[in-house]
Amino acid sequence: MGYFKDVTPESVGIESKGILDFIHDVKKHGIEQHSLMVIRHGKCCAKGWWKPYGPQYLHPVYSFSKSLTATAIGFAEQEGILSLDEKLVDIFSDQLPEQISDNLKEVTLEHLLTMSCGHETEIENKETEGWVRMFLANPFLHKPGTFYKYNTAGTNMLSAALKKKTGKDLIEFLRPRLLDPLGISEIYCARTPGEDSVEHGGGGMKLRTEDMAKFTYFQLHRGEWEGKQLLRTSWFDRACVKQIETLHDSENHTGDWGMGYGYQCWMGTQAGSFRADGAYGQFGLVYPALDLIVVMTTATEQTQTLLTSLAKYLLPAVKEQPLPESIASTSLKGELEHLALPMVHGDRCPHLEKKLDAQVYAAQKADGKSCCSLEYLIGGAGIFDLYAGEIDKMAFYFGQDTLQWSVWEDGEIRKITASFTGEPAVSETNGVTYAATAGWRSFGALELEVRRVDAISGSRIIFRFDGNMLRIESDDTLVSVGGLGLHPKQVTEFAAR
């Protein structure tokens with residue numbers, strides 16, 4: 001049982017059909033959902049996870065992290081640790097460029113919060129250079145406060161400023177002030193690279209869906225939690241309202257991204273609404289006028305389609321008073337209990353499986369090219385640190401309903417179990433949990449879909465057996481134009497030993 005009491009949608013004035021229609025419309029558009037929670041009047045009226053994802057797993061939330069980072073700055077201001085009027089040239093006086101422009105002299109922490117520091121481009125974090133120096137040396141072409149440019153490095157500068165002021169990283173600072181009071185026991189945050197390493201407050205966090213919901217509910221209630229005001233309401237008067245225009249900005253934002261920006265959160269199309277917003281559809285949506293929050297984790301670049309569907313089907317289903325129970329309520333409950341992604345699953349090939357069982361294939365390093373590590377081969381958006389070894393050899397062991405894929409790299413063996421039934425088999429290797437299914441595409445072509453449950457994607461891998469040779473093809477399950485968080489997979493041929 002979760003933190004929020006489970007009730008029917010009708011009991012809190014929401015038509016179950018609206019939630020069902022939303023789920024069905026999202027599926028119709030080919031959008032891959034991982035989790036959904038709908039909470040009204042402090043009660044959860046709908047929640048579900050699409051297997052292999054589940055409530056127990058941390059999930060990448062990308063720029064949803066930014067709203068947590070802003071909240072840390074709010075606590076620091078409340079305690080007098082810093083002021084939003086403080087200038088970067090004062091906080092980072094030891095890392096300034098030789099030439100300090102007039103615009104740089106004026107940049108404050110508040111400008112970082114509103115993405116209006118004056119940059120026209122984002123810096124690229126590099127291992128070999130101090131990224132804080134790079135940020136400060138990047139030209140501030142616009143007067144601070146006048147030009148909006150989405151700037152993840154600017155959010156990381158907030159993390160760096162907090163570290164300068166307190167000596168603590170972001171999560172350590174938030175632990176007694178926010179995370180412990182809300183009962184958020186586990187949260188992961190990647191780090192920025194190089195000599196100025198701090199926690200990646202701009203997009204490096206992983207959270208469980210219910211913990212995303214707790215934070216979103218904390219925002220809805222303007223810093224109050226279980227009768228105690230943790231963060232003063234005046235912070236939310238500034239943080240969760242439009243501070244700067246985003247419509248037709250430098251990135252030509254429109255629709256739900258053209259409604260303006262607050263302190264590290266986006267404004268919504270419904271009056272008074274706002275959201276914590278992460279890439280590929282990691283949302284904590286707040287609707288104060290409806291006393292409603294909606295939390296989602298997703299793997300899609302069709303994020304506008306997702307929010308349009310929510311506004312078309314779910315929001316109109318929210319009424320002022322409780323409603324009579326409906327047949328749709330039973331249908332919704334049943335559907336939420338049996339959600340699953342359509343992962344690879346296909347025929348068996350007993351003759352070939354018998355022949356290939358336990359056969360070891362060694363990597364053939366043609367032209368000096370070797371095979372990437374298992375983690376790189378599977379990949380997954382939301383993974384910041386991947387093991388950079390090399391696959392030396394592999395073998396397949398076929399069982400009644402499963403196979404075990406064994407991979408040797410750098411003298412160690414990794415084992416992943418895949419199911420032939422369509423129900424993902426879950427296994428752990430090298431501290432990483434994977435869910436996998438398998439099926440024969442054709443004679444000689446075995447396909448596995450393998451997902452890291454701590455990422456938003458994985459790979460569909462085709463193993464083509466031809467005589468004593470094995471050739472591999474690998475594609476990410478997330479089709480991404482920008483490629484955020486995706487990794488190249490270098491694959492060589494393997495030969496039977």
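This is a predicted model: local features need pLDDT of at least 70, side-chain atom pairs count only at pLDDT 80 or more; totals for chains, interfaces and linings use all residues.

Me: How do the residues of the lining of the second largest pocket divide into nonpolar, polar and charged?
Reply: Residues are numbered from 1 along each chain as its sequence is written, and side-chain values use heavy atoms, with hydrogens and water left out. Ala, Val, Leu, Ile, Met, Phe, Trp, Tyr, Cys and Pro count as nonpolar, Asp, Glu, Lys and Arg as charged, and the others, Gly among them, as polar. The lining then splits into 12 nonpolar, seven polar and seven charged.

Me: Which element gives the most to the lining of the second largest pocket?
Reply: On a 1 Å grid over the protein atoms alone, a pocket is an open set of points with protein on both sides within 12 Å along at least five of seven lines, a cavity is a set where a 1.4 Å probe fits but cannot get out, and lining residues have an atom within 4 Å of a point. The space in this pocket is about 550 Å³, counted as that filled by probe spheres set on the points, which are joined across faces, edges and corners. Elements are DSSP runs numbered from the N terminus, helices being H or I of at least four residues and strands E of at least two. With four residues, the top contributor is α1.

Me: What is the volume of the largest cavity?
Reply: The count comes to five cavities of 30 Å³ or more. The largest cavity is lined by 14 residues, with Asp256, Gly268, Gln270, Leu285 and Tyr287 nearest its centre. Its volume is about 80 Å³.

Me: How many disulfides does a search of the whole structure find?
Reply: A disulfide is here a pair of cysteine sulfur atoms within 2.5 Å. The search of the whole structure gives zero.

Me: Which cysteine has the nearest sulfur to that of Cys117, and how far away is it?
Reply: Cys117 is buried because its relative accessibility is 4%, where buried means under 20% relative accessible area, exposed over 50% and partly exposed in between, with a 1.4 Å probe and protein chains only. Cys117 is in no disulfide, and the nearest cysteine sulfur is that of Cys265, at 18 Å.
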